[in-house]
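Q: Please take a close look at a single part of this structure. I would like to know what packs against what there.

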Amino acid sequence: MATVTSDEPAVDWGSITSADDVRGCMDTDTHEMIPLHLWEQAFGTEVREFTDFCRGMNIVNHAAENTIRRDDLDADTTAITPDTVWEVKGPEAPGAFDLGRRHEVMDMQGVARELLFPGFGLRGMIVLYDPDAHTIFEFDPEKVDARALGRVCLQAHNDWCAGVSRTQGSSRMRPVAFIVVDSVDTMMTEAQNLLDQGIRAVMLPSGVPPAGMSPADPRLDPFWTLMEETDTAVTMHVGTEFPLLSSHVWGDNVPEFENAMGSSLEFVLQPYWGATVNFSSENYLTAMVMGGVFERHPRLRFGSIEVGAQWIGPLAERLDMWADVFHRRYYDVPNFSMKPSEYLNRNVRVAPYHFEDVDMYFDRYAAISNVYTFSSDYPHREGGQHTKENFFRKLQGHGPDALRRFFVDNGEWLLPA
């Protein structure tokens, strides 16, 4: 198994014959999976109340390999081998919660840089923004201030991110911190504080209007400018889409929509959710693209992660059509220097699920093929086993350019040197 080292020669993409030859990958979706009983140790005693709520959640205890209820794991000791880094999932995977081992895991996988998304922190986002959080986490809303509790969790996560950046370095493994979107002032203050602590990637909830306004509202331009000028990747991730729909009943009490074994709070395994999880990303990006955010901020780095990729090709076609319908507004003035699809291709990246036909996307939507990026979702089970090999087989017939762009060049937009 080839490893990534600073003095390794450049990959000869024209001679690659196997997934093991693919080195220098940009992995746009990985996670920490700190077991529940170690949360206080990792995130501080202030999360004790929230930890107690989570102990009783059925979805915590019945999430198969993805469960964080692993009281038997006090140390991250699984051997780092060519097999374990692709086959072992959950907190038992090597480097799942001892981030001091993650670089060695990355070397074994052939990964040069990765985005490190939250496990614990995502739950804080749900508490803060989901009106049904008290039902999910089983607390009395008359006795518990959900918004205050959510803020405590997000602050603990962000402090943890800053600590990882300090102790592990941010050049390869980049923890993704949260931006609370209550107001523009809050967004600016929190963003600057995170940047000052070495954070290079942030996450916004996809189902919440930032600062209570359209993401294309010019009043948000100072935030987008700050992100653009500092080369900070702005991301949305699965698990934050829930506030978009005003009701949760669309998928309730339908036998076909029962959660499959292995569902987690972040990733719900059932067909209605799977077919609609991308709606909030489409909505958010439609506002950004058609509202001129990427025209005004041409170097803004934006990613929509772990909501699949089957939707962005049709979205590009749809936005181009509506720009043509309103051509006087977009092109005759002109307000746009490019087509909407070209902004998506330049500024936005998405991570296909391992079971998607990404090779077909490169053919059918060739004009936006820069958007597709490699991700492993390590160490979550939904990332699949031998993920890099799976994607390699699908794209091998498309030649060295497609392989290089999917595994390295496209993802580098979210993971700049």
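This is a predicted model: local features need pLDDT of at least 70, side-chain atom pairs count only at pLDDT 80 or more; totals for chains, interfaces and linings use all residues.

A: Start with the two helices. Helix α18 spans residues 387–395, and helix α19 spans residues 399–409. Their axes come within 10 Å and cross at roughly 145 degrees. The crossing of α18 and α19 is right-handed. On the α18 side, the contact is made by Lys388, Phe391, Phe392 and Leu395. On the α19 side, Gly399, Leu403, Phe406 and Phe407 take part. Lys388 is one of the contact residues of α18, and Lys counts as charged.

Now follow Phe407 out of the helix pair. Its ring forms an aromatic pair with Phe374. The centres are 5.3 Å apart, the planes stand at 45 degrees, and the pair is tilted. Phe374 lies in the loop between α17 and α18, whereas Phe407 lies in helix α19, so the pair ties together parts that are 33 residues apart in sequence. Phe374 is buried, with a relative accessible area of 0%. Phe407 also counts as buried, at 0% relative accessibility.

The loop between α17 and α18 holds another ring, Tyr372. Tyr372 pairs with Phe362. Here the centres are 5.9 Å apart and the planes are at 40 degrees, so this pair is tilted. The cut-off matters: planes under 30 degrees apart would count as stacked, and over 60 as edge-to-face. Phe362 belongs to helix α17, residues 358–364. The pair therefore ties together parts that are ten residues apart in sequence. Tyr372 is buried, with a relative accessible area of 0%. Phe362 is buried too, with a relative accessible area of 7%.

Next comes Ser375, which lies in the loop between α17 and α18. Ser375 is buried, with a relative accessible area of 7%. Leaving aside residues up to four places away in sequence, Ser375 touches Asp27, Thr28, Asp29, Ala351, Pro352, Thr387 and Phe391. Phe391 is also one of the α18 residues in the contact with α19.

Elsewhere, ring pairs link Trp39, Phe43, Phe50, Phe120, Phe137 and Trp160 into a cluster.

Conventions:
Residues are numbered from 1 along each chain as its sequence is written. Side-chain values use heavy atoms; hydrogens and water are left out. Axes are lines fitted to C-alpha atoms, for helices over the stretch in contact, and angles run from 0 to 180 degrees between N-to-C directions. Helices (H or I, at least four residues) and strands (E, at least two) are DSSP runs, numbered from the N terminus. A crossing is left-handed if the near helix is turned anticlockwise from the far one by less than a right angle, and right-handed if clockwise. Contact means heavy atoms within 4.5 Å. Rings of Phe, Tyr and Trp (its six-membered ring) pair if their centres lie within 6.5 Å; planes under 30 degrees apart count as stacked, over 60 as edge-to-face and the rest as tilted. Buried means under 20% relative accessible area, exposed over 50%, partly exposed in between (1.4 Å probe, protein chains only).
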